[in-house]
Amino acid sequence: MHPCYFGFYGLVFFAAGLTLIIVGGLYIDDFEDDIYFENESVILMKLIISIGVFVLLLSLLGCCIAACYDENVTSCFIVWLSIMLVVNFAIGIMAFINSTKVDGYTDNALKGAIDDVFDDNNDAMDFLNSIHEKFSCCGYLGPSDFNNATDPMSTCGYNNGLPSCHRKKNCQKLLFTDGCKLKFSNSIKQRVLVAGGVAFSLFLLQLIFCFALFCSRFYFGTNEPYIVMWR
């Protein structure tokens with residue numbers, strides 16, 4: 001295969017690796033610091049970011065081959081590509097399996113935070129405030145979730161939830177009457193599926209490149225000057 005092909009796929013892999021890092025980073029940025037949402041989904045996103053870094057390094061190898069052909073570098077590129085092929089397929093499958101567990105994660109996170117906020121837990125309050133503001137919702141099922149608060153002064157009154165259940169955290173403004181259960185769960189599920197789709201798409205891209213290498217060897221033979229794969 002001509003080195004220019006390695007350069008082309010190097011640029012494509014660079015874009016793909018950067019996309020993985022961005023997708024994983026957006027998820028981690030929202031939930032990594034929340035003690036109520038440490039689960040397999042967060043671990044999965046950390047793996048995706050790591051894979052993105054490796055794919056970026058893979059793209060640099062491809063560009064090096066395009067700039068200055070070297071058999072050792074090419075062999076390293078192919079071995080690395082084969083490993084990434086398997087890993088990306090596994091990550092994609094893990095993401096789709098993990099998406100079926102999101103409802104349980106979000107339910108536990110919301111219910112746990114609501115229970116703890118009654119004990120003046122600042123982490124719980126910060127978590128709920130963040131969810132309420134982001135999704136314009138209140139509690140797990142609605143404002144009534146906070147009717148049993150031990151400190152009524154921390155709420156806006158009976159069936160009025162926390163201040164963050166209102167627009168601009170003002171108890172006198174619009175109350176968000178919808179619970180956060182579905183909005184929170186659907187948001188996380190969508191991100192996990194998008195991340196899994198990106199990983200699986202990268203797997204298909206790498207598979208196409210491997211197929212192109214195989215076809216090049218099959219049609220041109222081992223004497224073709226740019227074929228170094230599996231000699």
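The following paragraphs go through the fold, the confidence and some local details of one predicted chain.

This is a predicted model in which local features need pLDDT of at least 70 and side-chain atom pairs count only at pLDDT 80 or more, while totals for chains, interfaces and linings use all residues. Residues are numbered from 1 along each chain as its sequence is written, and side-chain values use heavy atoms, with hydrogens and water left out.

The chain has six helices and zero strands, where helices (H or I, at least four residues) and strands (E, at least two) are DSSP runs numbered from the N terminus. Read from the N terminus, the order of elements is α-α-α-α-α-α. Of the 231 residues, 44% are buried; buried means under 20% relative accessible area, exposed over 50%, and partly exposed in between (1.4 Å probe, protein chains only). Among contacts with a separation of 6 or more, 71% join residues 24 or more positions apart, a contact being heavy atoms within 4.5 Å. The accessible surface of the chain is about 11800 Å², and carbon and sulfur atoms hold 62% of that surface. These areas come from the Shrake-Rupley method with a 1.4 Å probe, and for residues only the protein chains shown count as cover.

Confidence is given as pLDDT, the predictor's confidence in each residue, from 0 to 100. Its mean over the chain is 79, and 80% of the residues reach 70 or more. The lowest confidence in the chain falls in helix 1 (residues 3-31), with a mean of 74, and the highest in helix 5 (residues 122-135), at 89. Over residues 222-231 the pLDDT is below 50, and this stretch has 27 contacts in the model beyond near neighbours in sequence. Where pLDDT is low, the predicted coordinates should not be read in detail.

Helix 5 can be checked for length. Its 14 residues should span 20 Å at 1.5 Å a residue, and the end C-alpha atoms are 20 Å apart, so the two agree; the expected span is 1.5 Å times one less than the number of residues. Buried residues in helix 5 are A124, F127, L128, N129, I131, H132 and F135. Just after helix 5, S136 has a positive phi of about 55 degrees.

K168 is not a glycine, yet its phi is about 60 degrees; with 63% relative accessibility, K168 is exposed. K169 lies in the loop between helix 5 and helix 6 and has a positive phi near 55 degrees, also without being a glycine. At a relative accessible area of 44%, K169 is partly exposed.
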